[in-house]
Amino acid sequence: MRVMITGAGGDVAARLIPGLSDGFELRLIDIRPGERIDHCIDICDTTALVGALDGVDAIVHLAGERQVSASWEELRGPNVDGLVSVFEAARQAGVPKVVFASTNHVMGMYDRDHEWPVDPAQPVRPDSLYGATKAFGEAAGRYYSDAFGMSVLCLRIGWVLDRPHNEQARMMWLSPGDLTQLVTRCLRSDIAFGIYYAVSANTNRRWSIENAHRDLGYEPADNSEDYFADVSRP
């Protein structure tokens, strides 16, 4: 199975690529050149994307502006125009599946108001323009799934770190191993559309992963409490 990863030079991709390399043939693209980057492409360039998608079976779309405090001018290109460009390139190239990296900030106002646990089925309540662009990405994915028969799975990613290091990470940590497992299950799934929280089995997590378990068979292996036990020992 050939999988294109956008934003392949980023931090999340760096923790995902090693785990996916064993089971998939990867095609890595980023706007900046790098040692392992196959194509330097701006995701807003739909024509270039279509050309790079030849023979690709699925896209893992990680590219985009990721700063929560980013301005609309900074977000609109990569997170709105670029997002639509990726879906449209997939449609034109006949790529049947997109795994979209959404964010927990789509529901951030529930967190602000301490209204936990948060379920993916609840109405969106973004905490920023950044979160709103990701909510748009989920809606666009639903459109491309319904209108064109593509499989689009949206992952509301917590915080991808090698190890959790503070109280926020304690609740929202996603280990590289669990990230790889969840993306792999999405790539091998035949579900037409879904929205799932991407967090590890943290004891104090505030978001439900029940539908990821039910639909995808996601069984996170890591729990932030184990790492806090290690780092808090005298």
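Guide: Gladly! Keep in mind that this is a predicted model. Let us begin with Tyr110, which is found in helix α4.

Visitor: Which two residues are joined by a cis peptide bond?
Guide: Most peptide bonds are trans. Here the loop between α4 and α5 holds Pro117. The cis bond has an omega of about -5 degrees, and the residues joined by it are Trp116 and Pro117.

Visitor: What is the phi of His114 near?
Guide: His114 also lies in the loop between α4 and α5. At 57% relative accessibility, this residue counts as exposed. Most residues other than glycine have a negative phi. His114, which is not glycine, has a positive phi, near 60 degrees.

Visitor: Turning to the sheet, in what order do its strands stand?
Guide: The sheet is open, formed by seven strands with parallel pairing. β3 (39-40) and β9 (193-198) each have a single partner strand, so one side of each is left without a neighbour in the sheet. With those two at the edges, the order is β3-β2-β1-β4-β5-β6-β9.

Visitor: Which helix packs on the sheet touching β4, β5 and β6?
Guide: The helix in question spans residues 72-93, and its direction makes about 175 degrees with that of β4 (58-61). Its name is α3.

Visitor: And which helix lies across β5, β6 and β9?
Guide: This one covers residues 129-148 and runs at about 160 degrees to β5. It is helix α5.

Visitor: How many bridges join β5 to β6?
Guide: The two strands, residues 97-103 and residues 151-157, run parallel. Lys97 stands opposite Ser151, and Thr103 stands opposite Ile157. The number of bridges joining β5 to β6 is seven.

Visitor: On the other side of the pairing, which residue of β9 stands opposite Leu155?
Guide: β6 and β9 run parallel and are joined by six bridges. Opposite Leu155, β9 places Tyr196.

Visitor: How many of the residues of β6 are buried?
Guide: On one side Ser151, Leu153, Leu155 and Ile157 are buried, and on the other Val152, Cys154 and Arg156 are too. Both faces are therefore covered, and β6 is largely enclosed by the rest of the structure. The count of buried residues is seven of the seven.

Visitor: At what angle do α1 and α7 pack?
Guide: Two packed helices are described by the angle between their axes and the distance between the axes. For α1 (residues 11-20) and α7 (residues 176-187), the axes are 9 Å apart and the angle is about 65 degrees. That makes α1 roughly perpendicular to α7.

Visitor: How do the residues of the contact of α1 with α7 divide?
Guide: From α1 come Val12, Arg15, Leu16, Gly19 and Leu20, which meet Pro176, Leu179, Thr180, Val183 and Thr184 in α7. These residues divide into six nonpolar, three polar and one charged.

Note on methods. Residues numbered from 1 in each chain as written. Predicted model: local features only at pLDDT ≥ 70, side-chain atom pairs only at ≥ 80, totals over all residues. Heavy atoms only, no water. Pairing = 2+ DSSP bridges. Helix = DSSP H or I, 4+ residues; strand = E, 2+ residues; numbered from the N terminus. Contact = heavy atoms within 4.5 Å. Axes fitted to C-alpha atoms, helices over the stretch in contact; angles between N-to-C directions. Buried < 20%, exposed > 50% of the residue type's maximum accessible area, 1.4 Å probe, protein only. Parallel < 35°, antiparallel > 145°, perpendicular 65-115°, else oblique. Nonpolar A, V, L, I, M, F, W, Y, C, P; charged D, E, K, R; others polar.
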